[in-house]
Amino acid sequence: MTLDDFLAETRAEIAAQMSEGSPFAELVFCEVVMQHLVDAGMTFEPVVCHFQGKVGNANLRLSGYAISDDADQLDLFVSLYGGFEALTPVQDQDSKTAAQQCVRFLELCAAGRLADKLDPSSDAHSLALTIREIYDGLEQVRVFVLTDGVAKSKSFKPRDVGGKSVRLEVMDIERLFRHRSEGKPRDELVVDFNEVSGSPLPCVFVPGETGDYDYALTAVPGEALRHVYEKFGPRLLEANVRSFLSVKAKGVNAGIQSTLRAAPERFMAFNNGIVLVADEMKLARAEDGSPGIVWLRGMQIVNGGQTTASIYFAKKKYPETDLSKVRVPAKIIVMKEEDPAKEEALVSDISRYANSQNAVRQSDLSANKPFHVDVERLSLTVYCPDGVGRWFYERAAGSYNTLLSREGTTPARLKALKDSVPASRKITKTELAKYLMAWEARPDVVSLGTQKCFDRFMTGLAEAEAVGTPVVPDPTFFKALVAKSLVFKAVHKTARPLVSAFLANVAAYTVAVVALSYRDAFDLEKVWRNQGVSYQFLEQVGIWAREVNERLHETANGKMISEWAKRPECKEAMFSHPFSPPSVDVPETRRG
């Protein structure tokens with residue numbers, strides 16, 4: 001796939017999520033990119049929050065935000081969407097202007113000067129109050145400019161806002177393509193130890209005997225690790241294992257910070273070290289003549305995230321901390337496996353065993369669980385009613401693009417492959433969890449975000465297996481899964497023009513209303529046969545979506561909707577009395 005193809009695919013993805021004539025392309029683009037950043041382990045669960053206005057002489061813009069669970073890290077997003085049909089350069093000045101307008105929004109929020117100028121019922125008002133409340137405790141603040149153009153600069157000089165350094169990054173169509181086409185968000189992470197340490201890192205290098213990995217032992221200077229975390233942040237942490245660790249000084253982190261400040265020269269003796277995987281490593285001679293690591297490409301920390309983050313934040317919070325005496329033991333595993341699925345399996349096993357003494361749930365490393373393997377197998381053998389098309393289950397990250405590149409060896413074959421298995425028929429592991437949990441009337445869990453929803457889903461599978469009632473996917477299960485995905489997407493698309501904000505929450509709760517209102521009377525098999533839903537169903541969905549939106553705001557009592565929707569109390573309040581009964585004769589019901 002070329003960059004031009006990817007732009008066309010992105011345009012098609014945006015179009016597929018909008019009703020005809022819908023003016024929401026910019027918001028859809030923002031959603032698509034923010035969700036990709038989550039999947040890539042680059043941000044937290046995002047919320048669309050569109051605001052554009054003027055306060056005094058300042059123009060303000062915001063498209064979305066993401067706040068870490070511990071409210072110590074904040075990401076703001078601003079969309080610079082052009083709707084380009086061909087690759088188009090975006091001037092740095094335009095990116096800087098968009099970033100500045102978002103930074104200005106942040107400045108006014110942090111100073112407590114914006115909330116009283118906004119409509120108290122708006123999501124921007126709730127966000128402004130939240131930012132003011134958490135700002136002093138924030139350890140990291142970033143602003144992302146999201147654009148479908150090609151930007152020359154991917155980042156700008158950090159800005160100081162209220163005594164905090166705010167990083168400015170640009171996620172353009174080119175950078176997004178690199179992430180998606182490779183299926184590995186770590187491909188941009190290149191660490192040159194000549195630059196960060198002054199020389200190659202002395203190491204013990206052991207060539208792998210099995211052909212799928214090489215091995216090295218070294219000690220990484222604390223200052224080098226701090227520099228790398230400053231540059232790449234949470235992206236260094238393996239996406240499926242503790243993507244976003246709390247960096248507050250408590251528990252093990254407090255002990256790490258204490259050693260760093262009081263006895264940095266003993267850090268290597270006291271600390272268990274870190275485990276890294278990398279896609280490529282270059283060796284040369286270190287200063288003492290031993291083998292040395294010049295650079296790593298695709299460096300990813302699968303164990304030791306607490307250590308890495310704590311070193312960075314200890315130096316940031318206590319500048320007098322002397323990292324020159326700190327050395328961190330490191331085990332480096334260089335991946336040589338060419339099959340993405342097998343590579344992910346190996347990385348998952350490395351992560352699982354490296355974290356065996358820590359509270360990392362195995363559900364985070366579940367690509368190779370029998371359940372997911374079975375669903376993938378079904379996606380390869382169950383054809384759509386036309387006997388030609390299929391749905392694709394992406395058990396391993398990037399496997400859909402791998403399929404296209406492996407089997408689409410000519411333009412004709414690629415077109416035929418995309419016609420039979422289009423990107424719109426791809427279901428990821430986290431999407432599967434979202435669709436099934438929403439249909440099980442657990443919208444509060446869906447509202448927790450993709451990773452936490454997936455974790456709850458996998459915990460439920462484990463519990464069912466423990467009591468002797470395991471979920472074993474079969475063709476009927478797979479067809480129902482596809483039907484539930486079609487319902488969810490239809491609800492999401494229908495609700496978009498009806499609500500001003502919190503679309504994800506409204507969609508999840510509306511699907512729950514659908515499931516609870518029809519129960520067994522809803523014919524999922526008919527949705528599968530039709531590969532879609534009827535206009536009558538969409539008419540009924542529109543009625544319920546409006547009711548859900550109103551009730552979310554009523555029950556929130558001024559709380560931020562995106563946070564309120566995550567709580568069991570919200571679900572209880574939402575369904576404490578019935579929604580309106582179905583008023584449209586829907587063909588998907590067995591009585592229809």
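Let's start with salt bridges: there are 22 of them in this model by the rule used here, which asks for a side-chain nitrogen of Lys or Arg within 4 Å of a carboxyl oxygen of Asp or Glu. Before I go through some, two notes on what you are looking at. This is a predicted model, where local features need pLDDT of at least 70, side-chain atom pairs count only at pLDDT 80 or more, and totals for chains, interfaces and linings use all residues. Residues are numbered from 1 along each chain as its sequence is written, and side-chain values use heavy atoms, with hydrogens and water left out.

Find R11, please. R11 forms a salt bridge with E85, and their closest N and O atoms are 3.9 Å apart. This pair links distant parts of the chain, 74 residues apart: R11 is in helix 1 (residues 3–16), while E85 is in the loop between strand 3 (73–80) and strand 4 (89–90). When I say helix or strand, I mean a DSSP run, of H or I with at least four residues for helices and of E with at least two for strands, numbered from the N terminus. How exposed are the two partners? R11 has 31% relative accessibility, so R11 counts as partly exposed, and E85 is exposed, at 70%. For those words, buried is under 20% relative accessible area, exposed is over 50%, and partly exposed is in between, with a 1.4 Å probe and protein chains only.

Next, look at K336 and D214, whose side chains meet in a salt bridge at 3.7 Å, N to O. D214 is buried, because its relative accessible area is 12%, whereas K336 is partly exposed at 43%.

One more pair: K566 and E563 form a salt bridge, with 3.1 Å between the closest N and O atoms. K566 is partly exposed, with a relative accessible area of 22%, and E563 is partly exposed at 39%. There is also a network, in which salt bridges that share partners join R104, E107 and R159.

Strand 10 (residues 201–206) and strand 11 run antiparallel and are joined by four bridges; strands count as paired if DSSP finds at least two bridges between them. What lies between these two strands? They form a hairpin with six residues between them, and G211 in the turn has a positive phi of about 85°. In strand 11, Y215 is the bridge partner of V206. Strand 10 also pairs with strand 14 (residues 291–297), in the antiparallel sense over two bridges, and there L201 stands opposite I293.

On the surface, V204, V206 and L217 form a nonpolar patch, with about 240 Å² of accessible area together. Such a patch is made of residues with over 30% relative accessible area and no salt bridge, with nonpolar side chains (Val, Leu, Ile, Met, Phe, Trp, Tyr) joined within 5 Å and like charges within 9 Å. The areas come from the Shrake-Rupley method with a 1.4 Å probe, and for residues, only the protein chains shown count as cover. V204, in strand 10, is exposed, with a relative accessible area of 52%.

Now to the rings. How many aromatic pairs are there? The count is 17, where rings of Phe, Tyr and Trp (its six-membered ring) pair if their centres lie within 6.5 Å, and planes under 30 degrees apart are stacked, over 60 edge-to-face and the rest tilted. Take F51 and F105: their ring centres are 5.8 Å apart and their planes are at 50°, so the pair is tilted. F51 is in strand 1 (residues 46–55) and F105 is in helix 3 (residues 92–110), 54 residues apart. F51 is buried at 16% relative accessibility, and F105 is buried at 0%. Elsewhere, ring pairs link W439, Y518, F522, F537 and W544 into a cluster.

Rings can have charged neighbours too. R551 lies over the face of F579, at 3.8 Å from the ring centre, and the charged end of R390 sits over the ring of Y383, 5.9 Å from its centre. The rule is NZ of Lys or CZ of Arg within 6 Å of the ring centre and within 35 degrees of the ring normal.

Last stop, E572 in helix 23 (residues 568–574). E572 is exposed, at 60% relative accessibility. The C-alpha atoms of E572 and D444 are 9.5 Å apart, with the two residues 128 apart along the chain.
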